[in-house]
Every structure is written in C-alpha cells, then in structure tokens.
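Have a look at the model below, and then let us walk through some of its side chains together.

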Amino acid sequence: MYHAKADGGAGWRYYTPAMQEAIARRIDLESRLREAIAADALALHYQPIHTLGDGMPLVGFEALLRWPQPDGSVLLPGAFVPVAEQSAELVEALGSWVCRAVACQRHAWQQAHTGGPLLISINLSARQFDREGLAGRIRDAFDRAVPADARRPLPLLGIEFEITESVMMRDPQRAEAELARLRELGARIAIDDFGTGYSSLSYLKHLPIDRLKIDRAFVRDLAHDADDAAIVGAAVTLAHQLGREAVAEGVESAQQLAALRDLGCDAVQGFGLGRPMPAADVPAYVARVARGEHLALWDAADQLTAATRSLA
C-alpha cells in the first residue's frame, strides 16, 4: 500500500521480498543514525565560498554533513537524510545536531581568532522548515552549544540558512513569517538550488532573502551551452534587480569561472576552488587565501579571457 501511495496513489503493487529487504535496510540505517547522533559520531565538512572579484576574497563556508562509517568510508547526506526526513523527530534531532556543531565550531574559531567574521551556511530540510517554531528551536540549539558568557544578543549573526525554493513556495506566507523571525535573530537567508523549483516571482520579491544560489546543473555546461548561459544570466539579473546576491554552485573549471564573471555573478563555490574540508583544515585554508594561493583558477580564467579577446 505504501509503495503504491509513494508512486502517486490510484495504483497497485505486488508484494515482493525486495520490499521487506528495503524496509529492513531503512530500519537499520535509521537505528544507526539515531545512535550516531546520540554519540556525536557525525561530522561537518566546510566548503569555501568566494566573492567573484579581484583577489577572490573568502566570504565563508557551507557546512556539509558527513557520516563516518566503521569501515572507514563516509556516507554523504543523500544516503541518509531522506531516511531521516521520514521521521519528524529524527530529522529534528539531526538538524539540532548540525546547529550545535556549527555553533561550537564558530565559537572555537573565534577563540582562536580564525575566520571570525566569515559566514557559515547551513542547509535546512523541508521537514524542519515545515514544523512550527523553527526560529526558536534553532536559537535554543545555538544557545545550548556555547557557554553562557559567550552567547550573543543576535545568536544567529554570521549564520546563513539555505532553503530550497520548492519548500518556500509550499506556503509562501508562512515562509515569509518564519524567515523574518530568523532574520531578527541575525541570520541571512539563501534560496538553494535556484532554478530547479517553481518559484512565484510575485512571492519571491516579498521573501526576506539575501542570496540566490544557482544550481550546479546550470553551471556544469555553462561555457558551452547557450541555454545554460541564458538561464544563469537571467538568474543573476533577477537577483540583482531584487537587491539580492547571486552565488553559483558547482564551479570546477576556469571556463565556468570566466563565464560567471562575464555574467556578473557575485560569488562562487565548487571543487575548482576548494573541496569540502574538515574543520581542522579550515585555518590552514584561510592562511592560504591570505597569501593569495587560492587564485590559480582566477588566473586561468584571466588567460582564457585574454585569449578570447585576442581572437576577436
């Protein structure tokens, strides 16, 4: 019955042993995930985000969830977050763990005078966002994670929450109110995977959003596909006309970087600039940026631009 419902309903499915096996795997994964949260056995990796301008200043990092396994492998969010989202209680526990971990890490970096003013982005799941009282729960998670004398009047200052446009558009009026409460606590808001959902522009202009993050699917062939270039250019223009910034995800090549620069994109992230790294590696990365050692892709984009102009 549940398989038929999951496929849209109004249908039928035969029972197969594979169904029971899939359920057993899901239950096992869910049980182990609960244990991992309780044992603080998850990890966050941080991917750098750079302004797309001279010197490519470091804006901050996106916190990305990882689950180390006993055999030494590491599970990415796609392997376990969908399972967590089937339980409101479990996804809430997972989201609270991420908030506490980010709060603790931010405090540690500030104590070490490393990356103090940098922004840290956190992804919010649909189940987290749909539950009432989101801003209060996040505020409490941040407050519990740091000593009382280190708590801030604006506990979410320097934190950005990324939410997909499809989640926001399910109930735009409630989304507007919830996002406003997060903003009152100092947070910034970004629409994640922009271009892959179904935004209503009439609502989009009212939502308290700081940045649009252009999905990597449009960046992948940007330098070679006129349609992708048109979509990215339109997204950047829309962001600027609404007073928002545009950030491109999935940047891996000098060609993509040069194209995004020509289109006026504000910031970029991707493997070409820096892969997600453990928190322990962040101070060294910040030091490399200070020395300008992160500019290889920027220099290669400059050379491509110069070669293109000479041919013209």
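## Charged partners

In a salt bridge, the side chains of Arg181 and Glu178 meet at 3.3 Å, N to O; the term stands for a side-chain nitrogen of Lys or Arg within 4 Å of a carboxyl oxygen of Asp or Glu. This is a predicted model, in which local features need pLDDT of at least 70 and side-chain atom pairs count only at pLDDT 80 or more, while totals for chains, interfaces and linings use all residues. Residues are numbered from 1 along each chain as its sequence is written, and side-chain values use heavy atoms, with hydrogens and water left out.

Back to our pair: Arg181 and Glu178 both belong to helix 8 (residues 172-184), where they are three residues apart, about one turn of the helix. Helices (H or I, at least four residues) and strands (E, at least two) are DSSP runs, numbered from the N terminus. Arg181 is partly exposed at 36% relative accessibility, whereas Glu178 is buried, with a relative accessible area of 1%. Here buried means under 20% relative accessible area, exposed means over 50%, and partly exposed is in between (1.4 Å probe, protein chains only).

Why can such side chains pair? Side chains of opposite charge can do so when their charged atoms come close.

How many salt bridges does the structure hold? There are 19.

| Salt bridge | N to O distance |
|---|---|
| Arg181 and Glu178 | 3.3 Å |
| Arg32 and Asp28 | 3.3 Å |
| Glu293 and Arg291 | 2.7 Å |

Arg32 and Asp28 are both in helix 2 (residues 17-38), four residues apart, about one turn of the helix. Both partners are partly exposed: Arg32 has 29% relative accessibility, and Asp28 has a relative accessible area of 42%.

Next come the aromatic side chains. Searching the whole structure gives four aromatic pairs. Rings of Phe, Tyr and Trp (its six-membered ring) pair if their centres lie within 6.5 Å; planes under 30 degrees apart count as stacked, over 60 as edge-to-face and the rest as tilted.

One of the pairs is Tyr46 with Trp109, which is edge-to-face, with 5.1 Å centre to centre and 65° between the planes. Tyr46 is in strand 1 (residues 43-51) and Trp109 in helix 4 (residues 88-111), so this pair ties together parts that are 63 residues apart in sequence. Tyr46 and Trp109 are both buried.

Another pair is Phe61 with Tyr285: the ring centres are 6.2 Å apart and the planes are at 70°, so this pair is edge-to-face. Because Phe61 lies in strand 2 (residues 58-68) and Tyr285 in helix 13 (residues 282-290), the pair ties together parts that are 224 residues apart in sequence. Phe61 and Tyr285 are buried. Together, Tyr46, Phe61, Trp109 and Tyr285 form one aromatic cluster.

Rings can also have a charge over them, which is counted if NZ of Lys or CZ of Arg is within 6 Å of the ring centre and within 35 degrees of the ring normal. Arg174 sits over the face of Phe129, 5.3 Å from the ring centre. Arg261 does the like over Trp298, at 4.4 Å from the ring centre.

## Cysteines without a bond

How many disulfides does a search of the whole structure find? The search finds zero, a disulfide being a pair of cysteine sulfur atoms within 2.5 Å. For Cys99, the nearest cysteine sulfur is that of Cys104, 11 Å away. That 11 Å is too far for a bond. Cys99 is buried, with a relative accessible area of 2%, whereas Cys104 is partly exposed at 39%.

## Two single residues

Gln69 is in the loop between strand 2 and strand 3 (74-75), and is buried, with a relative accessible area of 13%. Leaving aside residues up to four places away in sequence, Gln69 touches Arg32 and Leu75, where contact means heavy atoms within 4.5 Å.

Ala84, in helix 3 (residues 81-84), is buried at 0% relative accessibility. Not counting residues up to four places away in sequence, Ala84 touches Leu33, Leu90, Val91 and Leu94. Ala84 and Leu29 are 55 residues apart in sequence and 9.2 Å apart in space, C-alpha to C-alpha.
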